[in-house]
Amino acid sequence: MRQVKSTSFEFFEPDQIEQANVVDHLISITRENYSKAGGETWACAWAPDDSYFAWSSGHHMLHIIPWDSEKHKRQNPGDTEGLKGRNYHLIDVGENIWSLAFGSGLSQIPVGSSLYRHCKFDHCIILATGLASGRIKLWNCLAGNLMIELIDHRDTVRCLDFTKDGSLQLLSASRDGTLKLWDLHNEGNMYSTFKSPPTMFYGCKFSPNGQFIAAVGSCKMVYLWANNRLNSLPYRLDGHCNEVVSCDFSLDSALLATAAYDTKIIIWDTYRMEKLRCLGHLHPSPRLIFAGGANDHYVRNVSFCSDGQTLSSVCDDSYVRFWNISEPGDPRNISIVPDAVSCQFSHDGHVLAVGCRNGDVKFFQPKKSIPTLLRLCRQVIRRELLSGHTHLLPLPSMLIDFLHYKDLLHC
């Protein structure tokens with residue numbers, strides 16, 4: 001039996017787990033104000049085609065940076081051919097930024113139509129910023145100018161997410177206890193609201209297939225809608241013991257990961273509303289009275305990789321973890337990043353961006369295993385079979401259980 005030195009891992013010591021190396025480091029221009037509140041990188045985001053990376057470096061400053069998706073690094077400003085008209089933008093948005101989300105639209109106006117639109121979002125990559133006042137500002141990434149401002153929330157907008165189908169439906173979650181849906185193709189019209197007082201919402205997501213909406217917040221809350229509207233009562237998923245602050249879907253939309261201050265990530269089956277696996281960040285797991293209070297191992301953020309197997313998390317114990325959800329025990333890779341508060345995988349899954357309290361961002365390229373043919377088949381089937389009726393497929397029960405990710409129950 002090993003002599004336990006670290007409570008952050010179950011079986012191994014940190015020096016026995018493979019390290020993920022930093023491949024790039026963006027330094028905040030307001031670092032000298034680190035002691036002042038408002039200098040945190042609460043959010044970072046990638047454009048749908050990974051052509052831009054957006055970063056809130058704290059103290060109102062927004063960076064929109066061209067990204068080279070083929071080389072998996074920042075675009076060289078001297079490479080004018082590679083930039084293709086994209087420019088770096090540094091914008092003072094006027095107040096603290098709490099959330100970011102990229103969106104891109106497909107044309108919604110029939111050919112030959114004379115319909116006038118105040119703001120035309122078609123074929124334009126835009127960036128939404130959720131602000132401390134409750135306002136949402138939308139920016140044109142190519143020109144770097146403000147396009148429109150959405151006003152309805154009464155408190156900080158903690159999370160934003162766009163649909164992935166080009167319809168430019170925007171989901172917002174706020175500390176005022178409301179979720180809102182906005183239609184940018186209809187002049188930014190706010191057309192649906194879900195209110196859950198006295199709850200504060202901290203995170204929200206559309207599933208990649210557009211079939212689900214997830215939202216998390218205070219009072220141990222995890223809500224899941226089995227449609228992409230807020231006009232019905234959600235399912236409540238019970239399992240966390242403290243405030244839930246982040247959520248993310250797997251690429252096939254079959255799994256939902258939620259991160260909370262109770263030191264845990266829970267992976268759920270979205271169709272069956274079942275808990276599949278729990279990933280602990282403190283060992284032994286804290287008792288209820290400690291999980292529901294201060295425990296020095298708050299999990300701040302979670303992000304699924306596009307490979308469907310890798311999950312990343314940041315925690316107050318200063319470790320960034322890269323989990324293989326099909327492997328039991330400790331994470332596959334780790335890295336020490338003090339005061340990390342946010343993380344986000346690029347859409348191609350090659351790079352993880354981690355935001356820190358001092359406004360910096362660090363980039364990682366974790367080592368990924370080659371998925372088995374069996375797991376690749378599962379991902380394709382779950383992505384294409386939108387109804388979730390996998391139990392109707394003419395397959396042996398053992399394979400049906402595998403399609404339902406029941407193998408995670410034994411991890």
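Predicted model: local features only at pLDDT ≥ 70, side-chain atom pairs only at ≥ 80, totals over all residues.

Tutor: Strand 22 and strand 23 (residues 274-280) are joined by six bridges, and the two run antiparallel.

Thr 258 has Ile 266 as its bridge partner in strand 22. Three residues lie between the strands in this hairpin, and Thr 263 takes a positive phi near 80°. In general, strands of a sheet pair through backbone hydrogen bonds, either parallel or antiparallel.

How enclosed is strand 22 itself? The strand covers residues 264-269, and five of its six residues are buried, so the rest of the structure largely encloses it. Buried here means under 20% relative accessible area.

By the ring-pair rule the count comes to 18 aromatic pairs. One of them joins Phe 212 and Tyr 271, edge-to-face, at 5.0 Å centre to centre and 85° between the planes. Phe 212 and Tyr 271 are both buried.

A second pair leads on to another sheet. Phe 322 and Phe 345 are also edge-to-face, at 6.5 Å centre to centre and 65° between the planes. Phe 322 belongs to strand 26 (residues 319-324) and Phe 345 to strand 28, so the pair ties together parts that are 23 residues apart in sequence. Both of these Phe residues, Phe 322 and Phe 345, are buried.

Strand 2 pairs with strand 30 (residues 361-364) over four bridges, in the antiparallel sense. His 25 stands opposite Lys 362 in strand 30. Ring pairs also link Phe 363 with Trp 46, Phe 53 and Trp 67 into a cluster.

Past strand 2, go to the loop between strand 2 and strand 3 (44-46), where Ile 29 is found. Ile 29 has 44% relative accessibility, so it counts as partly exposed. With Tyr 88 and Leu 90, Ile 29 forms a nonpolar patch on the surface. Together the three have about 290 Å² of accessible area.

The structure holds eleven salt bridges. Among them is Lys 367 with Glu 18, whose closest N and O atoms are 2.9 Å apart. Lys 367 is in the loop between strand 30 and helix 3 (373-384), while Glu 18 is in strand 1 (residues 18-19). These two residues are 349 residues apart in the chain. Lys 367 counts as exposed at 58% relative accessibility, and Glu 18 is partly exposed at 37%.

Asp 316 and Arg 300 form another salt bridge, with the closest N and O atoms 2.9 Å apart. Asp 316 is in the loop between strand 25 (310-315) and strand 26. Arg 300 lies in strand 24 (residues 299-304), 16 residues apart from Asp 316. Is each side buried or partly exposed? Asp 316 is partly exposed at 30% relative accessibility, whereas Arg 300 is buried, with a relative accessible area of 16%.

One more salt bridge joins the side chains of Glu 327 and Arg 332, at 2.0 Å from N to O. Glu 327 is partly exposed, with a relative accessible area of 31%. Arg 332 is partly exposed too, at 25%.

Methods: Residues numbered from 1 in each chain as written. Heavy atoms only, no water. Buried < 20%, exposed > 50% of the residue type's maximum accessible area, 1.4 Å probe, protein only. Pairing = 2+ DSSP bridges. Patch = residues over 30% accessible without salt bridge, like charges linked within 9 Å, V, L, I, M, F, W, Y side chains within 5 Å. Areas by Shrake-Rupley, 256 points an atom, 1.4 Å probe, with all protein chains shown as cover. Salt bridge = Lys/Arg side-chain N within 4 Å of Asp/Glu carboxyl O. Phe/Tyr/Trp six-rings, centres within 6.5 Å; stacked < 30°, edge-to-face > 60°.
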